Amino acid sequence: MAAAFKLKGNDAFKSGNFAAAVGAYTDAMLADPKDPTLPLNRAAAYLKLNKFQDAERDCGKVLLFDPKNIKALFRRGQARAGLGDYTKALVDLDQVLSLESSNQVAKQEKARVQELLEKSKLSKRAESRIPIDVSTTVPRRRRVPIDIVEDEILASQTSKPEEKPLSPSSNKKPLIEEISPSTNASTFKSFHQVKEGRETRITRIVGGGILKKDGSNTATIFEPRAIVHASESTNSDVASQPFLSVAEQPSKPPTNSFEFQRKWNSTDDLYKKWLVLQSLSPETLPNFFKSSLEPPLLGSILEVILHVVTGGSVASTEVARYLKGLGRIPRFDTLILFLSPREKSSTANLLQLVGENVGWRI
């Protein structure tokens, strides 16, 4: 079974379908976890997809069993260079050359990484360097002569102009004009009349959509709501208005595992990740993922579940349902073996917090 998956991954890699190659090599690793060539091949596919962190992890697994594996050292050096860790990348490449001094590909890669390291150092120096070409000379001030103005002239200039009463027949429009269906601003004689006219104006209806000139709209997104003046509103009216926070908005469930991983990786908010998982029913998880679930995604899912449990935002009974659903995914016991020590420790804490038998354990 593992050999068939490995052959399928090799064919996909040769044809340039690197994502399919990763999936096939993962299936092969689940069938035969002890074959070191499988994570090594998957690391090569990860490098083609620019998933340098995953490639570094797979190479590290191989080097645990064979510290002098030249391919694993070389590919881990490439992965670390992709992550910007040029110093560690050079350490791996130096080890390759110490084991195989005539390896021309390793020499070329080392030269490339050294060049990237020098450029990185120059860039950091340029950012921290203080500009020296900035002029520090103080501009000379121009002297402006001041003329003394006679007191009489100054008094004539500062005297108040004669105030003239405004003519009712003036053609100038007022700065503020009240709009009313049956009254005009020019008909008001006093402040009280203006106030009464303002209170009797038509209250427009506000609604969603695009407004036309006549006040109607072409599309309604929200239910129309009348404008209520402060004098007419009460505390009970405001309290009775419904409110739904953005975090509680229902999430559209993904249709396949690829779309699930895309939504999962689109945010760093752990609670939003939980909403992505919660959009799926726990009972549908085995048929939804089938054999496409990988250890990194499983570890991330368990970390999110631990976060919502410790935060007290989700009941432990609800969490237990999802843990049971995950436990029924094909080859789940093998997936747990590939979790990191930190992920295994966190998962053990999670199972202890839930306090319910979910059908599997670390």
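Contact here means that heavy atoms lie within 4.5 Å of each other. The exercises below use that sense throughout, and they concern a predicted model.

**Exercise 1. Determine where Ala89 sits, whether it is buried or exposed, and which residues it touches beyond four places away in sequence.**

Solution. Begin with the secondary structure: Ala89 belongs to helix 6, which covers residues 86-99. Next, take the accessibility: the relative accessible area of Ala89 is 0%, and because the cut-off for a buried residue is under 20%, Ala89 counts as buried. Then list the contacts: once residues up to four places away in sequence are set aside, Ala89 touches Gly77, Arg80, Ala81 and Val113. Finally, consider a C-alpha distance: Ala89 and Lys110 are 21 residues apart along the chain, and their C-alpha atoms are separated by 8.3 Å.

**Exercise 2. Work out how helix 3 and helix 4 are oriented to each other, and what classes of residue make up their contact.**

Solution. The first step is the geometry: helix 3 (residues 37-48) and helix 4 (residues 52-65) pack at an angle of about 165°, and their axes are 8 Å apart. Since angles over 145 degrees count as roughly antiparallel, the two helices are roughly antiparallel to each other. The crossing of helix 3 past helix 4 is left-handed. In the contact, residues of helix 3 including Pro39, Leu40 and Tyr46 meet residues of helix 4, among them Phe52, Cys59 and Val62. By class, the residues of this contact comprise 9 nonpolar, no polar and 5 charged.

**Exercise 3. Carry out the analysis for helix 1 and helix 3.**

Solution. Helix 1 (residues 2-14) packs with helix 3 at an angle of about 25°, their axes being 11 Å apart. Because angles under 35 degrees count as roughly parallel, helix 1 is roughly parallel to helix 3. Helix 1 passes helix 3 in a left-handed crossing. From helix 1, Lys6, Asn10 and Phe13 take part, and they meet Thr37, Leu38, Asn41, Ala44, Ala45 and Lys48 in helix 3. This contact divides into 4 nonpolar, 3 polar and 2 charged residues.

Terms used: Residues numbered from 1 in each chain as written. Predicted model: local features only at pLDDT ≥ 70, side-chain atom pairs only at ≥ 80, totals over all residues. Heavy atoms only, no water. Buried < 20%, exposed > 50% of the residue type's maximum accessible area, 1.4 Å probe, protein only. Axes fitted to C-alpha atoms, helices over the stretch in contact; angles between N-to-C directions. Parallel < 35°, antiparallel > 145°, perpendicular 65-115°, else oblique. Left-handed = near helix turned anticlockwise from the far one by under 90°. Nonpolar A, V, L, I, M, F, W, Y, C, P; charged D, E, K, R; others polar.
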